[in-house]
Amino acid sequence: MKMKISTKIKAGLTGFAFMWASSCDVIDTLPATIIPDAEAFATAARIESIVFGVYEAAQRGFFNGSSVNGRGYPFGAATVQQGDMRGEDMYNDQLFYEITYTGTYNPNTANNNNMWSSLYRVINRANITLEGLEPALSEGVLTQDQRNRYRGEMLFMRALSHHEVLIHFARPYTDDPGSMGIPYRIFPINDVPLVTEGEAVGRTTVGEDYAQLIADLDEAEQLLPEGGGMARANKGAAIGLKIRVKQHMGDWQGVLTEFAKVTGYAVTANPAAPFRGTSTDNIFSFINSAESNGTVNGALPAMYGNPADGGRGLVKVSPLIWRSNFWHPEDTRRELLTSRNAAGIYSAKYIDPITRADPTPILRYSELVLTAAEANARLGNLDVAVTLLNSVRDRALPASVPSFTAAGLGGQEGVLTAIFNEKRIEFLGEGRRWPDIHRLSGEGRMDGVPAKASSRQIGNLDFYTTDRVIPTDHAIAYSSNAFIWPIPLEEILTNATAPIPQNPGY
Amino acid sequence: MKKVLLGFALTLITVFSVVAQSRTVTGRVTSTDEPDGVPGVNVQVKGSTVGAITDLDGTYSVNVPDGSTALVFSFVGYLTQEVAIGNRTVVDVLLAPDVKTLSEVVVVGYGTQERREVTGSVTSIDNAAIENLVTPSFESQLAGRAPGVQITTPSGILGARPIIRIRGVNSLSGGANPLIVIDGVPLVDSDRSSVNASNPLANINPADIESFEVLKDGSATAIFGSRAANGVILITTKRGSTGKAQVSYNVSMGVNEEVNRFQVLNGDQFVTIANEKVTNAGGTGNAVQSGVNTNWQDFIFRNGFAQQHNLSIRGGSEATKYFFSIGFTDQESAIIANDLKRYSFRANIDHDISRRVRIGATTAYSYTEINGLNNGANSLSGAVYNATRNLPNVPIFDSENTAFDGFNVQPDGSTTGFAPNLVGPDNNIPNVAFALTNNIYRNRVHRINGATFAELDIVEGLTARSQIGIDLTLNDDFQSLDPRHGDGRGSNGFVFMQMAPVFRWNWTNTLNYQKIVAEDHTFNVTLGTEYQYTNFYNFSAQGTDFSDRFYIQRNLISGSYNNQFSGGGFSDIGFDSYFGRVNYSYRGKYLATVTARNDGMSQLPADNRRGWFFGGSVGWRISDENFFNSSVISDMKIRTSYAEVGNTEILDGQAFPYAGGFGPVLGGAGAGIGYSNVANNALGWERSAKFNIGLDMTVGQVTLMLDYFTNDVTDLVLNAPTASSLGVPGNSISQNIGSLINRGFELRALAKVMERGNFIWNTDFNFSFITNEVTNLISPITGTYNRTEEGRPMAELYGFTWMGVNAANGNPLYLRNDDVIQYNLQQGALGWRTYDANNPGDVSTAAAGGPTQDFLGNTLPKWYGGWTNNFSYNNFDLEIFLRYSGGNFIMNESYRGLLGQGFSNNHVDILNRWTESGQTTDIPRLYSGQDQNMWQTSASNSRFVEKGDFVRVQNIVLGYRLPSQWLSSTFNGAISTARFFAQVQNPFIFTGYTGLDPELNQFQGQLSFGVDWNVAPIIRTWSLGLNVGF
């Protein structure tokens, strides 16, 4: 018995000594969720995925540091919502968009901070991709055509994002191209030493920024193929965006030159068609899906949708435009693209509040048509202008309503006003109002943000259907500092070497 | 064995006299540890100097003078016991161990050490004072019981984890919780639930715990090396002891209630206020007098029933000792829909194979089920948010609304039924009663935790030990949201399920050598290796758009939903270490400890994975010196230590903070990969240098422990913020940037205040003072409420400076730099205007801009502590435990939110709003929708910043021990001990803070802190209980 135990002890001791001597490796683990920089551009398929990753950043970027709860920043929903809430044609009914609607942002408020952050996040992803494409081409991972297409797409995304930064955070080009612009980023920041280099890029002038936008878009136009649907940038998208940029520059001849190059698109007979799938009007949209969207706290169908249909109805059509004399009472867009309940009237452009897969329109052919109309009007080609205007307007009106004529509109000013009004109607709920306020105020045609229906006071349908007085408030003069957004405080605080200047008055 | 030696020592020095008189009483003293007799016990005739000492076999004989009534038995390590003599001549006594003095032996990590030889800073906490309290988890009850240890329970949600900070906050963006080691196995301290707060420490049955040791300074913690940057809590669970089986059953039952509620407007007041907001803004009011006065808080708060049952058996032979326990608790929170159930089982076994080989195992299994709720601070269905905002002039129920089960909901389900008001509540908030009744947030955790060890005495004094431990958490979540109304409406029903396990194994080998050289030199050398691997993984499934809500009640049911989602994740973290420690003692007078370790951690890049860490300490027992001659001071020891440790809890457990590259992203156009982290291959160890100097002293009946410490943390691993326009992922890069220092002073005093007859009063007081300063930081780190900046304490409140209400026009006044400005609340003329105190009504000049921000107060308490008083009188015992804290400021966001300017309910203080010129008040003129300008909601606001000082009566416990004679005669020896108790936890607080409770805190991280924001009020518990020993 004793013998046995001591044998056991010996065996145990031997085993123990063996265990002691052997060590085990537990600290050399490898990531399961991150593909290292060095391996990312290794195959064509991965590069395609990287390109998709840039679209993802644009469609569902992060909000307050989280991409999981992304609210559709920047382009998946937020540019539309912020663009609408800065204007007077859509009405804020709740706390959610109140700061934007009432113009009470400061360097800390969430919307300007997240718009800034998420736009530059797209830009950096695009620049990282642009950098990685060249070695992939030279090493034969990509063909020339593949590389060209990806490069064109990335330049488009970079321009689209920078332009959005410009219209929110800088004064308009139409006022003074020499005024303070934004940091325009053309190199990636994907390594620690590049941080300081990136910090050194300051606020160039608005004029320089627009010049870079045009340069990016000119190159993109050359590189991109035609066609391929609205989900990815193509030649039409590059030209379309260039038209928009030139409109903001007041380069009317340039607008017309570019417009002449746009082919393959048409205004749809049914004004609702661009929102009910792909149509000839849709040039570029960000695609949302059941799995990837702005969530119930951001997606357009959730935020704009009629509560009776399952939406949240936080934003309504403003009774100001609904009751305006320039929106014809028989306009079919009043029926086709809105919805109502006892509390008011809602946009019905986005109709899928449960799954939230409505695409977010970014560029539509109708916008280019109206921009071309404006350019013609500006250049004195009033009849051409009105013809273009009518091609958008008449499709929404019964035959009994006569088309506009230049004479009937009272000449150039009347034609321009009619074009601006038509754009407000046609693009209601698409976030295009603010960019127009921005550029038109810059040239002195508007004085900043007009008075809006008072926030949270339009709680009943009778504001739309009767002559009940609409309380108004929240106008912002062009001269006010609040006309443009403050640079986020975080941006200035965390730039250790060369913080950019804040916009005056904040 | 140590006790025996100590007993003999006492025998030698105890002075006693024998007076020949009357009769002789004999007997034998035994204990469960030493059933064959406890030697050296002091037997004293009560009220006299007559006494005796027990022999080696525990027997004694004492001459009892006439008129004596009782014998008092006392011995180190046992509770003093008084036994009536009566007419007996034989008095046998079973002594009960005194766990408090047993901690004369201190568990110090990979071993034990005698308290008198400890040179580090270690506080022992006996679980006896804690185990009967009604509590979801043990650690919340450690608050106030040890100096340098700060524990706050930031909300009344069962399952929410307390915040534990040992000697301040020692990391900026890493974990700041201490390492928790249970029976030698480091616990996984990770809440794996996605649907509820599920405190991982709530899986442990508090009744299974014998004692806690809190290791605070560098010397004590150094042996845990890099995992010890935030201090260590060692937990020892109960183990068996030789003797016949002892069965004990403990039960307590009670009621949980909320400590406080918000004072909100009733329906009638609401109508007045709501309409005034709108008419002041030029509109027409939408609120309509209904005669209904609803307080929605009546629905969400309740008296929750709580019960705890524990049954344990311990015993054993010479060779084999066992401890088995089963526990059950079911606690309902004071907030509806929230409860916690735990079933637990433990088996601890020790067996001596031979005199030289020992093996043992600890095994614990628990099943914890938590039902939670949405209490998001600004979630539309957040219980506290919603119940304090919802319209008070509409009813909660509408019996005719059968589509919504009789709740008052709009017919389309979009919001709370708002009739007769003309509009619904702000943000279309739902009827929270419907949401709380129908939505399910369930978290279930199976936790298996245990270890097996073998110990071998190789030669005299040399012991090898190997232990393999595991900690497995199987976390299972279920969330179901009703499609009709509330959070599930937007998705037409929503079910989420998740399995999120985490598994850790830990293998520790130590070699320990003890040697006494030349009688006076004692060496104790420990060498060891440790390997630890932790694997986190999860997968989830989710469905929305359900065909029928019948299918959402218990589980995901295939085929019942249109949109199907799944997800998953994986990460693993490894850690290894090679370490050594030498303890040296010269006659117990000069003491020294040296530790060294080399740690490796998978979270750092390959070149920087390993780090060396050293520590050392010395102690000097002055009272043992010949020159020391004091009749007042019986013991005095000075000790000092210095050590450097790393921090493995960097960046909240991010597995690969240094790795740069592309993560998976799912866009609407398809799955892609997105640039998700900037590489930093220079990332290295975060280091903290801990210095401590302390003094232990016994003066008469008072024991004092004083410590001064500094904890200097350098190379902080920080998600260093980058300018957002750089577009760097997360706007940050993990870098070793920054340093901070915590300095503090601790005091603990224990004393027997009074012993008069059968009345004994013991007191135990502790006090800590601590300052925190960030000494180096790349750039200020700013959140909504807080800012952390170089040269200041971390997470100070930062925001706007309120200057009152302009009595002339009701406009709010704020500081813009040094100038007072006002926000003009006049329709059509809204905006910032200058303010002239001599002409306050002048609003003609636009201000140059809005208000500016400044520091508004530190959020970390500067002083805190606790004070326990124990009284016993005959069979009664009473404990009164106070806890205090202060020197910090709180941003009362709950209150700011309740002064909102929308169509929702308000705090009653809004009735003081400005209404007429010349009125002095602190509430401006009401104006619909002007929350942002009026209250500057984008940051903290000095208007709502308050001091957080408090003194809390934490527990009052009254117990009565049934007389043992009565028990033995009544139950024939079947019941050996029985104690009834009544207790109240958290009965009162003394504070100037105007919110619900100064410890409520929305944030648990380091960079955002000190914000009371719609948190569920903490709980007060009344309970009755019984401890029975068989």
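What you have here is a predicted model, in which local features need pLDDT of at least 70, side-chain atom pairs count only at pLDDT 80 or more, and totals for chains, interfaces and linings use all residues. Residues are numbered from 1 along each chain as its sequence is written, while chains are lettered from A and ligands numbered from 1 in the order in which they are written.

**Chain A overall**

The C-alpha trace of chain A spans about 115 × 55 × 45 Å along its principal axes. Chain A has 20 helices and nine strands; helices (H or I, at least four residues) and strands (E, at least two) are DSSP runs, numbered from the N terminus. Of its 506 residues, 58% count as buried, meaning that 20 or more other C-beta atoms, placed from the backbone, lie within 10 Å of the residue's own.

**Where A meets B**

Here 95 residues of chain A are in contact with 93 residues of chain B; a contact needs C-beta atoms, placed from the backbone, within 7 Å. On the chain A side, α3(A) gives the largest share, nine residues. That side divides into 47 nonpolar, 32 polar and 16 charged residues. For these classes, Ala, Val, Leu, Ile, Met, Phe, Trp, Tyr, Cys and Pro are nonpolar, Asp, Glu, Lys and Arg are charged, and the others, Gly among them, are polar.

**Strand pairs**

Strands pair if DSSP finds at least two bridges between them. One pair crosses between the chains: β1(A) runs antiparallel to β31(B). The other two pairs lie within chain B, and β18(B) takes part in both.

| Strand pair | Bridges | Example partners |
|---|---|---|
| β1(A) and β31(B) | two bridges | A:Ile35 and B:Phe662 |
| β17(B) and β18(B) | 12 bridges | B:Asn250 and B:Asn310 |

A hairpin of three residues links β18(B) to β19(B).

Technical notes
Two residues are in contact if their C-beta atoms, placed from the backbone, lie within 7 Å. A residue is buried if 20 or more other C-beta atoms lie within 10 Å of its own, exposed if 12 or fewer, and partly exposed in between; C-beta atoms are placed from the backbone.
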